[in-house]
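Welcome! Please take a look at the sequence and the model below, and then read on for a short briefing.

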There are 2 protein chains.
Amino acid sequence: MSDANAPNTDIGLDAGPLYRQIKTQIVRRIANGVWSPGELLPSEFRLADEFGVSQGTVRKALDALASDSVVVRRQGKGTFVAQHTNQRALFHFFHLVGDDGSRELPETHRVLACRQRPASSDEAHCLNLPVSAKVIEIERIRTLAGSPAIIERITVPARLFAGLDATPATDLPNELYRLYETDYGITVHRAVENLRPISAGRRDVSLLGIRTGRPMLEIQRTALTVAGTPVERRISRCDMRRHSYISEIV
Amino acid sequence: MSDANAPNTDIGLDAGPLYRQIKTQIVRRIANGVWSPGELLPSEFRLADEFGVSQGTVRKALDALASDSVVVRRQGKGTFVAQHTNQRALFHFFHLVGDDGSRELPETHRVLACRQRPASSDEAHCLNLPVSAKVIEIERIRTLAGSPAIIERITVPARLFAGLDATPATDLPNELYRLYETDYGITVHRAVENLRPISAGRRDVSLLGIRTGRPMLEIQRTALTVAGTPVERRISRCDMRRHSYISEIV
DNA sequence: GAGTGGTCTAGACCACAGA
DNA sequence: CTGTGGTCTAGACCACTCT
């Protein structure tokens, strides 16, 4: 890239087509905060100049990033680093739909706890932390269609979210990923969910008003940054009497 | 396309960029059986000639089709219509994973019934059939890690699958989508699954050896062709004591 | 060696946003 | 009006497969 006739040295061990190297470089800059969510990237021509390649090659990298939802392209305006919006939360990170097919984010939530503590072994494993590491735990109840329906236990590494446990519960938004992004510079890019059915226990009964032993859905989620670093573990117990989990397969 | 300087007439009301029109044309031919699963498409240059556009435009259409898994491209060989393989079944159409993270298709199944009957209202709705339409129902038990774990009721429109109900149970493969493709010319392209937790009933107890009332996962799937026509309704009751459902979110 | 898709380039024109 | 991304073209060269 710096010299068209020599192998590259400014990319970790080089290799692969140019557009892929450029894609990697751009991802790296976004991950390092050189460009922040919502920010306008340089135009294709400027990037092409900087990387020493043709505009078409930069375009191919940017198109790939757009299809990964790492950037958003807007004709006439430019290319922007993707940002968490309610739209994205709804269609990508929230999979519960009403029995009538309605797709709505929870309107309200009630925070039960927000404290710092050592990671459990599950959390240490999923978040790739040493066993002694501290995490911040948020426990809350989310409301669907007017009724409390989800008990959520969210844990994040304390090192990355310093001070989050001191946040007043009223300052915690329902869509936490926007908070992670704006206040801690951490963007959740993708997640893996493991689902299994469970029986309502005493706590579910008292918090959600469901009957003992009724089937519920447990969602275990691990959320990752664009660099693949796990940044959140979230376990949700969901009352599915009026909702189902939707999964689209291609 | 037929004339570079005149608007198109051979595409339903035209409109949109050329590569998209070409993509639509190719999808249409595949849907109509002009090109069958596994078949080699003409080369980019031949298609470009035929459509009267440049090779680059055809390439863009084919790349888009490849990323939709409608075609598969192989350097040095050509572009092929995508085919159902065990790989695709495993990574796209089967979402149950073992507690140890193992991802395996069911090895065996036992067919309980394969008969023709009128569609239920759910089936008529999901398959977009008139209420009086006939469907063919297959009921079977699938085995995971050596134990019967899934009770599946599959229904397909009798009109599209004439004779399927006369198939000996031993001729039904575990991966039905390959049968649909080879014997009935119907390719499942995508599906929508709705999940909800349920309690094990009498039938689950006797067929799967699970205890009454234990939580299970019900998966309601509607499978569609590349043209968007629903071709299968499938309801699976899953014993999740040793498995979870995995969902990857981007 | 011939044919295929994969990469890269260079340049034209269009559609859209905003000063 | 300028600058942006979106489309389309034409041609070069590379990597791979098969004969």
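Buried area is the accessible area, taken with a 1.4 Å probe, that two parts lose on being put together, summed over both. This is a predicted model, in which local features need pLDDT of at least 70 and side-chain atom pairs count only at pLDDT 80 or more, while totals for chains, interfaces and linings use all residues. Residues are numbered from 1 along each chain as its sequence is written, and side-chain values use heavy atoms, leaving out hydrogens and water.

**The two domains of chain A**

- Chain A is divided into domain 1 (18-81) and domain 2 (86-245), with bounds from an automatic or database domain assignment.
- Six residues from domain 1 of chain A and six residues from domain 2 of chain A make the contact (heavy atoms within 4.5 Å).
- Between domain 1 of chain A and domain 2 of chain A, about 430 Å² is buried, and carbon and sulfur atoms give 69% of that area.

- Of the atoms of DNA strand D that come within 4 Å of the protein, sugar and phosphate account for 83%.
- A:Q75 has a polar side-chain atom 2.7 Å from a sugar or linking oxygen of DNA strand D.
- A polar backbone atom of A:G76 is 3.0 Å from a base nitrogen of DNA strand D.
- For A:E44, a polar backbone atom is 3.1 Å from a phosphate oxygen of DNA strand D.

Conventions: Chains are lettered from A and ligands numbered from 1 in the order in which they are written. A residue is near a molecule or strand if one of its heavy atoms lies within 4 Å of it. A polar contact is a pair of N or O atoms within 3.5 Å; within protein, one must be able to donate a hydrogen and the other to accept it, and residues adjacent in sequence count only if both atoms are side-chain atoms.
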